[in-house]
Amino acid sequence: MKLLVFNASPRKSSGTTDVLLETFIEGARSSGADVEKHHIVDLEINGCRGCFNCWWVTPGKCIQRDDMDKLLPAISEADLMLLGTPIYGRNVTHYLQKLLERTFVFTLPEMVNRDGETQHPGRVSRFPRMILAATCGFPDTSNFDIVRALYPMALPIFLPAAQLLLYEEGKKQLSGFLQAVRLAGQKITAGEELTRKMKDELIVEYSDEMKKAIVEMHNRYSESLSQ
Ligand SMILES: Cc1cc2nc3c(=O)[nH]c(=O)nc-3n(C[C@H](O)[C@H](O)[C@H](O)COP(=O)(O)O)c2cc1C
């Protein structure tokens with residue numbers, strides 16, 4: 001099983017998104033998965049120019065020469081793609097956006113109706129199954145609503161108030177969630193389906209009391225820095 005991982009946080013391994021990715025990878029490796037990981041900020045990836053050359057002039061090939069030359073074949077060969085992103089302005093970061101824009105080369109120009117909606121069929125026989133691991137700073141899962149709507153095909157792993165991972169006590173509180181992420185990595189790469197309960201455990205929901213405590217902790221920290 002080939003697992004391709006992209007981290008769209010500019011904080012790379014020192015951030016919180018990477019904790020989720022590494023935890024999933026740990027589970028995947030225990031099932032013998034072949035893992036390739038990239039921090040997008042280190043790659044040279046330009047946004048799509050909207051020239052449509054990949055449709056009409058050089059079908060299936062982008063006119064731009066950058067790191068996507070290596071990544072597009074890797075994407076088409078992967079079984080699974082794990083995308084990690086912090087939430088910026090309630091959306092994914094632009095690092096992830098530009099990578100995904102460039103997968104436009106995998107579409108054909110025709111329009112077809114699929115399940116009542118007009119779409120472009122895929123040029124490749126299959127696109128890897130997607131898992132979207134996102135972190136955000138506020139304690140409410142509503143910060144993931146836009147991303148959830150944008151990528152309904154992706155299995156969501158969502159951690160609000162991810163800064164808790166930076167504290168020993170917070171990490172302890174999230175140990176059940178991290179265990180669920182590890183198990184998901186193990187099961188999915190072993191070709192097993194997750195139960196509804198396992199999927200639910202991949203989205204952290206805090207109680208009102210916990211949210212209040214997170215807000216108070218943040219405001220105390222913020223105040224200490226501004227003194
Ligand atoms: C530019 C910017 C915009 C952000 N926007 C949001 C937001 O809309 N909602 C939210 O809950 N957190 C927001 N955050 C907080 C990040 O999502 C949060 O710190 C995340 O865990 C960072 O991930 P990382 O540690 O992997 O970089 C924002 C942070 C930055 C720097």
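Buried residues account for 31% of the 227 residues in the protein chain, and this figure, like every other one here, is computed from a predicted model. Among contacts between residues at least 6 apart in sequence, 68% join residues that are at least 24 apart. Along its principal axes, the C-alpha trace spans about 60 × 45 × 35 Å. The radius of gyration of the protein chain is 19 Å, which agrees with a compact globule, because a globule with 227 residues would have a value near 17 Å.

In secondary structure, the protein chain comes to nine helices and seven strands. Five strands form an open sheet with parallel pairing, and their order in that sheet is β2-β1-β3-β6-β7. The edge strands, each of which pairs on one side only, are β2 and β7, and on average neighbouring strands of this sheet are turned by 15° against each other, direction ignored.

Within the sheet, β1 and β3 pair in the parallel sense over five bridges, and V5 has L82 in β3 as its bridge partner. Helix α1 packs on the sheet, where it touches β1, β2, β3, β6 and β7, and its direction makes about 160° with that of β3.

| Strand | Residues |
|---|---|
| β1 | residues 2–7 |
| β2 | residues 34–39 |
| β3 | residues 80–86 |
| β6 | residues 129–135 |
| β7 | residues 155–159 |

Helix α1, which packs on this sheet, covers residues 17–30.

Notes. Residues are numbered from 1 along each chain as its sequence is written. This is a predicted model: local features need pLDDT of at least 70, side-chain atom pairs count only at pLDDT 80 or more; totals for chains, interfaces and linings use all residues. Helices (H or I, at least four residues) and strands (E, at least two) are DSSP runs, numbered from the N terminus. The radius of gyration is taken over C-alpha atoms; the globule rule is 2.2 Å times the number of residues to the power 0.38. A residue is buried if 20 or more other C-beta atoms lie within 10 Å of its own, exposed if 12 or fewer, and partly exposed in between; C-beta atoms are placed from the backbone. Two residues are in contact if their C-beta atoms, placed from the backbone, lie within 7 Å. Two strands pair if DSSP finds at least two bridges between them. Axes are lines fitted to C-alpha atoms, for helices over the stretch in contact, and angles run from 0 to 180 degrees between N-to-C directions.
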